[in-house]
Amino acid sequence: MPETRHEREAEKILGPLSPAIRDAEALLQSRRLLAEALENAEQRGRRMSARQKESSG
């Protein structure tokens, strides 16, 4: 389950598209998928940063 802050960010990103998406379930699924993608990207960034710190020092 994505963190609340990622869900809020997904909602902000998809907000302008919400009126165009008539299927409420599809909209919820889109938000959930985007929130998970944001969380995964953040985790990957943290791992990459940690690896760079390890290799430089």
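This is a predicted model: local features need pLDDT of at least 70, side-chain atom pairs count only at pLDDT 80 or more; totals for chains, interfaces and linings use all residues.
Local features need pLDDT of at least 70 and side-chain atom pairs count only at pLDDT 80 or more, while totals for chains, interfaces and linings use all residues. Residues are numbered from 1 along each chain as its sequence is written, and side-chain values use heavy atoms, with hydrogens and water left out.

View 1. Helix 2 covers residues 24-56; helices here are DSSP runs (H or I, at least four residues), numbered from the N terminus. Buried means under 20% relative accessible area, exposed over 50%, and partly exposed in between (1.4 Å probe, protein chains only).

**View 2. Ser18 in the loop.** Ser18 sits between helix 1 (4-14) and helix 2. Its relative accessible area is 17%, so Ser18 counts as buried. Beyond its neighbours within four places in sequence, Ser18 is in contact with Leu27 and Arg31, contact being heavy atoms within 4.5 Å.

**View 3. Glu42 reaches across to helix 1.** Glu42 touches Arg5 and His6, setting aside residues up to four places away in sequence. With Arg5 it makes a salt bridge, the closest N and O atoms being 2.6 Å apart. That pair ties together distant parts of the chain, with Glu42 in helix 2 and Arg5 in helix 1, 37 residues apart. A salt bridge is a side-chain nitrogen of Lys or Arg within 4 Å of a carboxyl oxygen of Asp or Glu. Arg5 also pairs with Glu3 at 2.9 Å, N to O, and Glu3, Arg5, Glu42 and Arg46 are linked in a salt-bridge network. Glu42 is partly exposed, at 22% relative accessible area; Arg5 is partly exposed too, at 36%.

**View 4. A pairing within helix 1.** Glu9 and Lys12 meet in a salt bridge at 3.4 Å, N to O. Both lie in helix 1, three residues apart, about one turn of the helix. An α-helix has 3.6 residues a turn, so residues three or four places apart point the same way. Lys12 is exposed at 60% relative accessible area, whereas Glu9 is partly exposed at 32%.

Definitions and conventions:
Helices (H or I, at least four residues) and strands (E, at least two) are DSSP runs, numbered from the N terminus.
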